[in-house]
Amino acid sequence: MENDIETLATALYVKIDDMLADWPELAQARPAASTPLTLSDAELLAMAVMSALLGFTSERRWLRYVSKNLAGMFPRRIGQSGYNKRMRKAFFLFIRVIRMLAMDTSLWSDDVWVVDSTPVECGRSRETVTRSDAAGWAEYGYCASHSRYFWGLRLHLVCTLSGLPVLFALAGAKADERETLLGMLEAGRDVADAHPGQTLIGDKNYFGRNFEAELTERELTLLRPARKGEASRAGQELFKPLRQVIESVNWTFKGQLDLERHGGKTPGGIIARVLARILALTAAIWHNDKTGQPVMRSLTDYDH
């Protein structure tokens, strides 16, 4: 099988279409008297993935590109306003498809997870900060990795060592990483319950006796570097190379999928654009796994 973006989009479309045929209740609800959709849910998500992989940060530019270059794949047209509304309403469908694809890979059974968070900047000017619809959710925070302050959110991610997203959440820039992780594990309890004895690798921010006790109750073993004044912890020599995994995954989101150039102005728009990028990475890993590629997280075949 060829490894290119059109092949990926076609395979993804068929996978989602088959899923919606089996579980029609997952399709976006519509009034009984509404006009028929010009674009199916499967086409919508396939377009969202292609847009993220090809580096489009403007919906208008993306839809013009589709009309001119991808008319054979997407013969039915949709306007920017309709596309935007459909994307924002597809929240639960995004979540379900991401999980479905992840579970359909050989990586889902990996017994080691890595956890971290990365900034999702939402504005820079003072006017944006005061007038943005995301104000109150987005807030000022500090990114130690790049020694900079930013205004926005953080994407919290639990992934396998191959970069496959397992659990994720968007939270304010100052949200406690430990509380967010526990919330993710509670919301995805079925995932944690299906992986008893899992090893979870985090940085020094994931500390605390009560926090680690809660992870132990969930049958998760936490590995992290020792904090200043602490005795050496098990697996200390493994942290540096394994920590590079999550940094590399974060770079994939930022450098290749333009996470911080998402273009969202409202909470719903930001969520939709971030979910599109998580789905794009998951879909690429899924397709690479199915086609036997040596590097699961490689997006090179899909970015042109």
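How many of the 24 residues of α11 are buried? I looked that up before anything else. α11 is mostly covered, with 20 of its 24 residues buried. For my own reference, buried is under 20% relative accessible area, exposed is over 50%, and partly exposed is in between, with a 1.4 Å probe and protein chains only.

**Ground rules**

I'm working on a predicted model, where local features need pLDDT of at least 70 and side-chain atom pairs count only at pLDDT 80 or more, while totals for chains, interfaces and linings use all residues. Residues are numbered from 1 along each chain as its sequence is written, and side-chain values use heavy atoms, with hydrogens and water left out.

**Helix α11**

I took helices (H or I, at least four residues) and strands (E, at least two) as DSSP runs, numbered from the N terminus. Next I checked the length of α11. The expected span is 1.5 Å times one less than the number of residues. For the 24 residues of α11 that gives 34 Å, and the end C-alpha atoms are 34 Å apart, which agrees. After α11 comes G292, whose phi is positive, near 70 degrees.

**Helix α4 and what covers it**

Which residues of α4 are buried? In this helix (residues 80–89) I found Y83, N84, R86 and M87. They are on the same side of α4, because they cover an arc of only 165 degrees around the axis. The arc is taken from the directions from the helix axis to the C-beta atoms. An α-helix has 3.6 residues a turn, so residues three or four places apart point the same way.

L63 is buried, at 10% relative accessibility. Leaving out residues up to four places away in sequence, L63 touches M47, I78, G79, Q80 and Y83.

**Aromatic rings**

My ring rule: Phe, Tyr and Trp (its six-membered ring) pair if their centres lie within 6.5 Å, with planes under 30 degrees apart counted as stacked, over 60 as edge-to-face and the rest as tilted. The count comes to six aromatic pairs. F56 and W62 have ring centres 5.2 Å apart and planes at 55 degrees, so that pair is tilted. F56 and Y65 are tilted as well, because their planes are at 50 degrees, with centres 5.0 Å apart. Ring pairs link F56, W62 and Y65 into a cluster.

Y65 counts as partly exposed, at 29%.

I also looked for charges over rings, meaning NZ of Lys or CZ of Arg within 6 Å of the ring centre and within 35 degrees of the ring normal. The charged end of R96 sits over the ring of W23, 5.4 Å from its centre. R178 has its charged end over the ring of F207, at 4.4 Å from the centre.

**Salt bridges**

Cut-off here: a side-chain nitrogen of Lys or Arg within 4 Å of a carboxyl oxygen of Asp or Glu. That gives 13 salt bridges.

K15 and D104 have their closest N and O atoms 3.1 Å apart. K15 lies in helix α1 (residues 5–22) and D104 in the loop between α5 and β1 (112–123), so the pair ties together parts 89 residues apart in sequence. K15 is partly exposed at 25%, and D104 is partly exposed at 23%.

R76 bridges to E43, with the closest N and O atoms 2.5 Å apart. R76 is in the loop between α3 and α4 and E43 in helix α2, 33 residues apart. R76 is partly exposed at 41%, whereas E43 is buried at 6%.

D190 and R99 meet at 2.9 Å, N to O. D190 lies in helix α8 (residues 189–193) and R99 in helix α5, so this bridge ties together parts 91 residues apart in sequence. I have D190 as partly exposed at 46% and R99 as partly exposed at 22%. Last entry: salt bridges that share partners join K15, D104 and K290 into one network.

How values were computed. Contact = heavy atoms within 4.5 Å.
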